[in-house]
Amino acid sequence: MIFLLIIHWYISLFFQSVFHHRYAAHAMFTMTKGWEKAFYIGCYVTQGSSYISAYAYGIMHRLHHAHTDTKEDPHSPGNSNNVFAMMWQTRNNYFDIFTGKTNVEQKYTIGLPKWEAFDKIAHSPLSRIAWCGFYVFLYYLLAPSWWYYLLLPLHFGMGAIQGAVVNWLAHVVGYVNFKVNNTSKNLIPVDFIFWGEAYHNNHHKHPSRPNNSVKWFEVDAGYWVMKMLDQLKVIRLRTHKAPRLKELVPK
């Protein structure tokens, strides 16, 4: 069951890192509409009960970069007393964006992937309950002891937990390569857990750079997978001359 949890962690994080973050929010590469839909489905299958819309996530993350560590930041540790309060705030801000309650300037929606019909199904409460039931059934079939069921909440909230770890810890602890006007830090020197997302300070300095690693010991696994997908012509990494988030979302 531990192996199952590890597999779920890495494949879910891959789609959140590469599709939601680097593609939707930052437009680091392009892909055909067919592949875009395939990634949408991949996000749904791997995130399951914690599925989030790439469109709404893209808006929220662009707002984070535009207003980092200010009152307008949708998920800053500076606006919350603890990580759980930040997770709740993030959840509320995300749903306000997803449901249209938040009035979003058009500049934050440029180029975002959108599949409303799919999101309506994947985002529904019934879908989330069904995925939770599926995880429980898997544990019923495979768990050798009752205490393994204590791992189920990690599966239920996988996407939210992954986002919270980076958005909270990487603004609280870690080391800094670049002086920036926010609290972003590189969480760990060798990122074998977060597909390169732990290099948060590097990312805030160069938000459009596909490779988050800078120092010789930093390895961005997400970037190398994108390089492989580029070689296979699944995606096309943008060149340094292509539009970047700083052009799409000016501060």
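Predicted model: local features only at pLDDT ≥ 70, side-chain atom pairs only at ≥ 80, totals over all residues.
**The core**

The largest nonpolar core holds 54 residues. Within this core, Phe 14, Phe 19, Phe 29, Phe 39 and Ile 235 touch the most other members. Eight helices are listed as supplying at least two residues each: H1 (2-25), H2 (33-47), H3 (54-66), H4 (83-98), H5 (116-122), H6 (125-142), H8 (158-169) and H10 (221-231). Helix H1 provides the largest share, 10 residues. In soluble globular proteins, nonpolar side chains tend to be buried together.

Leaving out residues up to four places away in sequence, Phe 39 touches Phe 14, Phe 15, Val 18, Phe 19, Met 31, Leu 229 and Val 234.

**The surface patch**

Nonpolar side chains also occur on the surface. A patch there is formed by Ile 2, Ile 6, Val 136, Phe 137, Tyr 140, Leu 141, Leu 142, Trp 146, Trp 147, Tyr 149 and Leu 150, and together these residues have about 1,200 Å² of accessible area. H1 and H6 are the elements that give two or more residues to the patch. H6 contributes the most, with 5 residues. Val 136, one of the patch residues, lies in helix H6. Val 136 counts as partly exposed because its relative accessibility is 34%, which falls between the limits of 20% and 50%.

**The cysteines**

How many disulfides are there? The count is 0. For Cys 43, the nearest cysteine sulfur is that of Cys 132, 18 Å away, whereas a disulfide needs the two sulfur atoms within 2.5 Å. Seen from Cys 132, the nearest cysteine sulfur is that of Cys 43, and Cys 132 is likewise in no disulfide. Cys 43 is buried, because its relative accessibility is 1%. Cys 132 has 23% and therefore counts as partly exposed.

**A buried glutamine**

Gln 16 is found in helix H1. Is Gln 16 buried or exposed? Gln 16 counts as buried because its relative accessibility is 8%, and the limit for buried is under 20%. Apart from neighbours within four places in sequence, Gln 16 is in contact with His 21, Gln 47, Ile 52, Tyr 57, Gly 159, Gln 162 and Gly 163.

The table lists the accessibility values given above.

| Residue | Relative accessibility | Class |
|---|---|---|
| Cys 43 | 1% | buried |
| Gln 16 | 8% | buried |
| Cys 132 | 23% | partly exposed |
| Val 136 | 34% | partly exposed |

Notes. Residues numbered from 1 in each chain as written. Heavy atoms only, no water. Core = buried A, V, L, I, M, F, W, Y, C linked by side-chain atoms within 4.5 Å. Buried < 20%, exposed > 50% of the residue type's maximum accessible area, 1.4 Å probe, protein only. Helix = DSSP H or I, 4+ residues; strand = E, 2+ residues; numbered from the N terminus. Contact = heavy atoms within 4.5 Å. Patch = residues over 30% accessible without salt bridge, like charges linked within 9 Å, V, L, I, M, F, W, Y side chains within 5 Å. Areas by Shrake-Rupley, 256 points an atom, 1.4 Å probe, with all protein chains shown as cover. Salt bridge = Lys/Arg side-chain N within 4 Å of Asp/Glu carboxyl O.
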